[in-house]
Amino acid sequence: MGYRLSKIYTRTGDAGETGLGDGSRVPKDSPRIELIGDIDELNSAVGMLIAHDPRDAIRDTLTEIQHDLFDLGSEMSVPGYSAISAEDVAWIEQRLDELNGELPPLKEFILPGGGLGAAAAHTARAICRRAERHMVALGRNETVNASARAYLNRLSDYLFVASRVLARDEGGSEVLWRNDHRKRREQERQAGTKKRRPTE
């Protein structure tokens, strides 16, 4: 097989347009290209998560997800083409159920954090949600593969569960959202004001 990329720059996009896989050209800020960019960013974020060296099962799943995301980007670059199937959705659901099975029930909202890997998983999850929103927006005017949309929805759930597992693997703990944080902050402010009050 010859080199796929023999030249990095082509100058064909200097006018603000880019080519799709079917040969058509569209503006670089079109909804479809915006979505392709989200998928690329998501794949990069998953790569960053892998770089934090999660346990083997999570790393192997994430590597497979990277391949799926590359295929999804290819799907989005060719209108009418489908690469993600219902079987892919079922596969990620199974990985999600396996990972979630070792976690205690979630009774509180959690904040992004809990360790480097956990925080990276939250970042990837947020990007995945954005990609899903942009796919829904694209679907208002163009046909979108329902399995591709479902895959992104499940992937965001998988990344959320992965963040919980990684927080424990890294020896940290989940950062719980506290609904009294403003009240507590005000109490701390008032206590600090009293301490600084000059003696009469």
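A residue counts as buried when its relative accessible area is under 20%. Keep that cut-off in hand for this tour of a predicted model.

**Stop 1: Arg 32 and Glu 142.** Select Arg 32. Its relative accessible area is 6%, so Arg 32 is buried. Glu 142 sits in the loop between H4 and H5, and Arg 32 in helix H1 (residues 31–51), so the pair ties together parts 110 residues apart in sequence. Glu 142 is partly exposed, at 33% relative accessibility.

**Stop 2: Arg 130.** Move to Arg 130. Its salt bridge with Asp 38 brings N and O to 2.9 Å at their closest. Arg 130 belongs to helix H4 and Asp 38 to helix H1, 92 residues apart. Asp 38 is buried, at 2% relative accessibility. Next, show Glu 41. A salt bridge joins its side chain to that of Arg 130 (2.8 Å, N to O). Through shared partners, Asp 38, Glu 41 and Arg 130 form one network. In total, the model has 11 salt bridges.

**Stop 3: H4 against H5.** Select residues 116–138 for H4 and 146–169 for H5; the two helices pack at about 165 degrees, with axes 8 Å apart. H4 is therefore roughly antiparallel to H5. Their crossing is left-handed. Look at the contact: among its residues are Ala 121, Cys 128 and Met 135 in H4, and Leu 152, Leu 159 and Phe 160 in H5. The contact residues divide into 14 nonpolar, five polar and five charged.

Terms used:
Residues numbered from 1 in each chain as written. Predicted model: local features only at pLDDT ≥ 70, side-chain atom pairs only at ≥ 80, totals over all residues. Heavy atoms only, no water. Axes fitted to C-alpha atoms, helices over the stretch in contact; angles between N-to-C directions. Helix = DSSP H or I, 4+ residues; strand = E, 2+ residues; numbered from the N terminus. Parallel < 35°, antiparallel > 145°, perpendicular 65-115°, else oblique. Left-handed = near helix turned anticlockwise from the far one by under 90°. Contact = heavy atoms within 4.5 Å. Nonpolar A, V, L, I, M, F, W, Y, C, P; charged D, E, K, R; others polar. Salt bridge = Lys/Arg side-chain N within 4 Å of Asp/Glu carboxyl O. Buried < 20%, exposed > 50% of the residue type's maximum accessible area, 1.4 Å probe, protein only.
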